[in-house]
Amino acid sequence: MFGTYEKFNFVRATFARSGSADYIIEDYHRPGVLRLGGTRQGEMQSITGFLFDLKLTVNGAPVKYTYFADEGSILLENGEATVEIAFTDRGHLRVYGENAGLTLELRGAADGGARACRGIIALPDGSGYEGEFGKAGKRLYKALAGAVLADSVFDNATGVCTSLKIHLLPDAATGILEAAVHEYTGAVTPFGEYEEFEDLVDNNKADFAAWRAIYQGAAKGYEDGAKYAAWTTWSHRSVVTDKLVEPVILFQNSWLTTGASWQQSYNAMPMLDNPREAWRQICTMFNYQDARTGRLPGMLTYAGGNTGMQPPFQGFALDFIRRKIGDDFLTRDECARMYPKFAKWANYWTTYRSAGLGDDVTAILSPHESGWDDASCFTDGFPASDPNNLAFLVLLFESVARLALGAGLDGDAAAWQLRAEKLTETIIDEFWNGELFVTKVKGHDVVSLTLAAYQPIILGKRLPQNIIDKVAEKLTEEGAFLTGIGLASESMRSPTATFDVSFVNGRVAAPQNMILTVGLQAAGKQAEADLIARRFCAHVQNEGVILGYAPYTYLPATGETATEPVPPHVTDGWPWSSWCANSYLTMSTQVIGK
Amino acid sequence: MDNLKPHMKTLGFGHRASRHMVLEQNGKLWITVSAEGASFFLDSASAAVGLLEIDLIDGGESVPYTYEAAVGSIGLKSAKGSAKIVIDTAANALRITGEGVSLRLDAKTAPGMATSINTPRGTELTIGSGRYLFQSRTGKISFDDTWLLTQFHSVTPVLNLAADGGKFDLVAYDVPADTEPLPVTKTPEECAAENEADFLEFCGTLVPVTAEWDDIRGAVAYRLWLGSRALSNGEPGIVNNKLVSSETDAWRQSLTSFAFADADKAVPLILNLPIEYPFVQGSAVLRLLESGLLKKTSRATVYQLYDALRAKVLWLQENRTLGGVFYYAYRFETGLPAPKIFAVGEPVASPDLYAYLITACEALAQLTDLTYNDGEASRWRTRAKELAHDLVSELWVDNTFVAKNLYTGETTPADALLANMTLTIGKLLPVHIAAPLGDGDFAGFGILAAFGLLRAGSTDKARKITEKLLKSARENGVTDTAYGAALLALAHETL
């Protein structure tokens with residue numbers, strides 16, 4: 001799937017595994033050098049001190065290598081000298097080598113130093129070496145066949161580690177190397193036993209295959225991309241800890257290692273062959289719901305939740321799933337469990353983000369609450385009544401109604417449904433100007449050429465046909481939003497469109513393409529949805545599972561050469577991310593016609 | 001503390017029950033909030049930095065001002081008018097009132113991710129780790145909350161409060177998201193008086209010292225009072241400097257506990273964080289035991305202390321012994337950044353680790369005495385003696401304490417501070433070994449060694465050391481809260 005000579009490598013993607021906190025990347029600045037890092041400390045690969053160069057050694061000397069990886073393992077190779085690494089979901093990784101050793105050299109991103117190491121000790125029982133790495137926790141380096149040796153140099157005057165090399169050495173007689181590297185904070189995580197290495201690789205493949213089975217098949221011609229996308233969501237699945245009480249799918253492994261709130265619902269949408277898992281994904285953020293206000297945190301990390309907030313996406317996700325496969329998974333018990341939580345979340349918006357008009361119209365206080373950080377509809381600032389937020393709320397109200405019904409609360413269900421209908425009418429009557437949906441700030445319409453202006457199409461056939469037709473027309477007009485690779489987040493006729501450090505002010509972004517094509521499909525505009533989704537998915541399949549793409553090398557509105565951030569960087573356009581993966585999976589398996 | 005000015009650049013003005021703070025920066029006063037932990041986009045706690053500069057305005061122009069600062073309030077004076085700053089803990093607000101001038105709060109630069117919004121209930125500003133809601137009780141606020149779309153933050157926050165009838169009255173709430181502000185019911189004078197009284201009441205919970213050292217006591221008391229805050233685990237703690245510290249270490253909390261004359265105040269400081277390194281909690285508990293303070297506390301507290309100490313001793317027994325000898329695996333376990341003992345490499349046996357274990361065992365014995373379990377107490381006492389014997393037999397070589405690599409047997413003289421920690425075991429340390437150590441290093445947690453001198457009956461030596469340390473604190477200032485707390489206790493016990 002990935003490798004030196006494969007279509008994709010680990011310069012932008014990461015080698016990882018579901019339930020493991022380790023990752024491997026290829027150094028952008030030193031091509032061919034793989035590096036081992038970890039997600040737990042939440043540091044970006046550009047600044048973390050906890051990164052090890054992986055050096056394939058023959059008779060103790062480093063040699064160049066090529067690599068190949070799939071879901072089972074990653075193989076480093078130089079002729080007959082091979083080292084294979086497989087991750088587990090039990091707190092350790094395994095190494096198997098033939099005629100080769102592996103040296104892990106600590107080389108921090110910022111200064112190339114080894115200061116992340118606070119100490120390394122040969123354990124008294126001879127089982128290996130334990131290293132202490134501060135925020136990154138501890139590592140136990142253990143030889144199962146062959147030997148482990150640690151070379152460390154500390155500056156005694158400062159106590160700072162200046163060099164750390166862990167040598168995993170093959171057995172002199174057999175040439176075989178087998179080792180395990182455990183990651184933990186207090187004591188070694190219980191892991192059962194060390195299975196045969198090839199069994200571990202097979203188990204990883206089986207685990208991935210089981211993961212793939214939760215998604216339906218991709219449309220013809222998009223299967224390859226679907227495999228990479230599924231691999232991305234699988235390999236970004238977090239470890240369960242005291243702060244992350246259920247697995248979340250991290251946004252990125254080596255850049256922003258966060259479980260973003262609304263992205264968990266994105267992840268749920270294509271999981272249609274395992275609706276229970278999809279439902280669990282949607283519900284997982286409610287584990288961290290504020291008991292007083294009902295608010296959900298914006299992001300989760302291994303250190304806990306943050307105080308930001310993201311849109312009420314859960315209703316959109318649940319509405320989509322129900323339309324596709326029904327809702328038998330919403331048992332009475334589940335409805336009873338989740339109804340009060342969903343209701344509280346919905347009422348959070350209408351209470352704490354009320355626009356003060358006496359109805360359910362909200363006014364958001366930051367662009368992050370809309371999900372579109374730099375959409376041009378927020379040019380005039382805040383508080384802003386955003387029709388996208390209102391559309392999400394309509395679908396959330398309907399979901400609350402469904403849960404109420406399932407819990408046997410018919411009266412509540414009817415009330416929520418009525419609120420949904422009224423809010424829908426308000427969106428149509430007050431936020432549609434004949435051409436697009438407008439954002440309002442201090443009572444006036446914000447003038448903008450943002451793609452977000454068409455997102456309320458997610459209401460599907462709840463909208464009048466004339467609106468549906470107009471939105472479909474606008475979204476398929478070539479040269480405006482529609483580009484050769486999908487919908488641009490700002491019209492290409494907009495003088496403010498950019499592909500530089502930006503998210504939705506010009507780039508072709510995965511989530512918007514998914515949302516709008518799902519919306520068009522729900523509105524009966526299958527041909528239009530198909531057209532857009534095919535373009536976007538084809539590009540992802542060619543270029544990689546990356547969140548946002550520049551559709552041109554120039555800015556069409558002005559003719560100027562487009563600038564982009566210098567790689568490698570965390571922002572859209574560079575790293576692989578699960579957010580693109582889940583959007584691709586939804587589009588390729590559910591939107592594109594089969 | 002009638003004059004806080006010497007501390008305004010380093011510690012600032014604040015209140016133990018509030019995040020609001022004021023500090024002097026670049027010749028002006030700034031409002032800020034106490035340091036918070038690492039944010040999503042930052043990798044370390046925010047540094048001591050003012051968020052909004054305070055300016056007095058006349059005719060649209062800034063006027064120079066001087067200020068006086070006391071625990072209860074700060075008074076600003078200019079040629080045109082004056083202002084007063086207090087913390088209103090009932091309303092969780094910082095209040096600035098003035099007359100003859102108007103007020104400006106200016107961030108000077110637009111910090112990343114600052115968002116500001118003018119709303120019907122006031123001006124809301126999220127800046128750094130601060131989250132303010134500004135309301136005017138007198139005067140008119142003007143504030144530009146323009147959003148810079150492609151920079152993901154608002155314009156530089158500048159709040160102008162124009163005086164009305166020559167007066168202004170601004171309330172800056174520290175209000176969590178989705179929370180209504182509390183009503184303002186007190187005058188600034190009432191707030192100032194209340195805060196002064198709170199400080200004095202807090203001082204009353206600390207151990208007394210002779211009047212000669214009241215200035216040191218006041219300086220330590222202010223650091224302790226101001227440094228009170230919730231730690232990230234939700235437990236109350238006292239940090240070194242609330243402007244820059246959002247967390248503290250378990251050993252610092254233990255040293256801080258020494259300052260309190262009441263076990264109910266001291267014990268939570270010992271227990272609120274997991275016991276890490278250096279393992280000084282035994283000394284902290286011995287202080288409570290030997291002063292009789294634990295006799296006035298509950299049996300549950302005794303058991304809590306017992307369980308915590310025992311767990312650490314057993315953990316060390318299980319994870320840090322080789323052939324029955326205790327060792328350090330990592331440098332940071334000593335509490336020093338670059339301990340010389342690691343020149344011989346790990347695992348390294350060191351005399352201070354034995355000292356911690358011995359004091360812990362002695363504390364466990366005395367705790368068990370309080371529960372009338374003589375057999376158990378006797379076993380802990382025996383263990384303390386065994387460890388004291390091992391300390392000398394393993395690590396006293398050629399009239400000096402050494403550290404030893406347990407794999408190679410190589411030894412090296414122990415750092416002076418680490419060797420000095422053996423004094424904490426009091427009479428369990430042979431006199432001929434203790435005698436030369438008393439002139440050693442008492443910095444940081446090393447001050448605990450002086451308590452050991454008292455425990456050994458070397459009261460004269462302990463007193464001389466105390467006087468020397470107090471004089472140094474007077475000359476150089478009290479620069480560390482935990483150390484200052486322990487020094488206060490030492491002064492209380494020796495002078």
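Visitor: Which residues of H1(B) are buried in this predicted model?

Guide: They are B:Cys191, B:Ala192, B:Asn195 and B:Phe199. To be called buried, a residue needs 20 or more other C-beta atoms within 10 Å of its own.

Visitor: What makes these buried residues line one face of the helix?

Guide: Look down the axis of H1(B): the buried residues fall within an arc of 100°, so they line one face. On the other side, B:Ala197 and B:Glu201 are exposed. The buried residues have a cover that includes strand E7 (82-88), strand E8 (93-99) and helix H2 (214-226) of chain B.

Visitor: How do you know what span to expect for H1(B)?

Guide: The expected span is 1.5 Å times one less than the number of residues. With 16 residues, 188-203, H1(B) is expected to span 22 Å, and its reach of 23 Å from first C-alpha to last is close to that.

Visitor: Why is strand E9 of chain A called largely enclosed?

Guide: Six of its seven residues, in the stretch 92-98, are buried, so E9(A) is largely enclosed by the rest of the structure.

Visitor: How do you know that E9(A) pairs with E8(A)?

Guide: Pairing takes at least two bridges, and six join E8(A) to E9(A), running antiparallel. Within this pair, A:Phe87 stands opposite A:Leu93. E9(A) is also joined by seven bridges to strand E16 (residues 176-184) of chain A, again antiparallel. There, A:Leu93 stands opposite A:Val181.

Methods: Residues numbered from 1 in each chain as written. Chains lettered and ligands numbered in written order. Predicted model: local features only at pLDDT ≥ 70, side-chain atom pairs only at ≥ 80, totals over all residues. Helix = DSSP H or I, 4+ residues; strand = E, 2+ residues; numbered from the N terminus. Buried ≥ 20, exposed ≤ 12 C-beta atoms within 10 Å, placed from the backbone. Arc of directions from axis to C-beta. Contact = placed C-beta atoms within 7 Å.
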